[in-house]
Amino acid sequence: MEKILAQLNIDAMVFGAIVASIVLAFVLVVVIFSVRYKGQYEKIADLGERLKEREEKILLLEESLREVQILNATQLQEIGQYQDLEARYKAEKAKVEEQLALAKERIDTQREKIADLEAKKAELEAHLHNTRENLAKANEEIENVRKRNEFWVEQLSELRTKYEAIKSKLRKYEG
């Protein structure tokens, strides 16, 4: 080091004074800056505390966000289940409506059959009425024929009796 000082032509005391001056200047600068920026250091410390508080708030918000996301996922799942239920309801409703339409169609068909059967019943009742009238007329005619037959049987019986009487008289005369 002496060689370096010798080359620079600087005495050790001068060098010590320069170093002391530089150290003193540095300390002075540090003191000035520390005094000058003490308020800013306090602000920085305050801002650090605020930053920590905000970080805590951010952590709370992130936790809340996770809870909300969980709730959203749950709600989305419930919405999916609701949509599934709604789809099943619509499918069942469509089936029921289809069955209702088929039932109405069957009812209409049955009503048509009933109307046809009632028309046939009316025809059969009319035919039955005509048949009864014809039967009554036929029974009346049969009764009339029976009465005529009875009359002719009586007439025939009387004629036989007369014939037998005439025959027996003829035998008496011939005999």
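What is the relative accessible area of arginine 50?

Mentor: Arginine 50 has a relative accessible area of 43%, so this residue is partly exposed. The classes are set by cut-offs: buried is under 20% relative accessible area, exposed is over 50%, and partly exposed lies in between, with a 1.4 Å probe and protein chains only. The areas come from the Shrake-Rupley method, and for residues only the protein chains shown count as cover.

Before going further, note that this is a predicted model, in which local features need pLDDT of at least 70 and side-chain atom pairs count only at pLDDT 80 or more, while totals for chains, interfaces and linings use all residues. Residues are numbered from 1 along each chain as its sequence is written, and side-chain values use heavy atoms, with hydrogens and water left out. The term pLDDT is the predictor's confidence in each residue, from 0 to 100. For this chain the mean pLDDT is 89, and 93% of the residues reach 70 or more. Among the elements of the chain, helix H3 (residues 38-174) has the highest mean pLDDT, 93, and helix H1 (residues 2-8) has the lowest, 60. Helices here are DSSP runs of H or I with at least four residues, numbered from the N terminus.

Arginine 50 forms a salt bridge with aspartate 46, and the closest N and O atoms are 3.4 Å apart. A salt bridge is counted when a side-chain nitrogen of Lys or Arg is within 4 Å of a carboxyl oxygen of Asp or Glu. Both partners belong to helix H3, four residues apart, which is about one turn of the helix. Aspartate 46 has a relative accessible area of 34% and is therefore partly exposed.

A negative surface patch in this structure consists of Glu49, Glu53, Glu55 and Glu56. Patch members have over 30% relative accessible area and no salt bridge; like charges are joined within 9 Å, and nonpolar side chains (Val, Leu, Ile, Met, Phe, Trp, Tyr) within 5 Å. Glutamate 55, one of the patch residues, is in helix H3. Its relative accessibility is 42%, so glutamate 55 counts as partly exposed.

The whole structure holds five salt bridges. Lysine 90 pairs with glutamate 86, with 3.9 Å between the closest N and O atoms. These two residues are in helix H3 as well, four residues apart, or about one turn. Lysine 90 is exposed because its relative accessible area is 51%, whereas glutamate 86, at 31%, is partly exposed. Glutamate 92 pairs with lysine 95, again with 3.9 Å between the closest N and O atoms. This pair also lies in helix H3, three residues apart, about one turn of the helix. Glutamate 92 is partly exposed at 44%, and lysine 95 is partly exposed at 48%. Further salt bridges share partners and join Glu143, Arg146 and Glu150 into one network.

Helix H3 also contains glutamine 83, which counts as partly exposed because its relative accessibility is 47%. Glutamine 83 and aspartate 108 are separated by 25 residues in sequence and by 36 Å in space, C-alpha to C-alpha.

Valine 31 sits in helix H2 (residues 12-36) and is partly exposed, with a relative accessible area of 42%. Helix H2 also holds isoleucine 18, which is partly exposed at 39%. Isoleucine 18 and glutamate 133 are 115 residues apart in sequence and 158 Å apart in space, C-alpha to C-alpha.

Notes. Areas by Shrake-Rupley, 256 points an atom, 1.4 Å probe, with all protein chains shown as cover. Lys, Arg positive; Asp, Glu negative; His and termini not counted. Charge placed at Lys NZ, Arg CZ, Asp CG, Glu CD.
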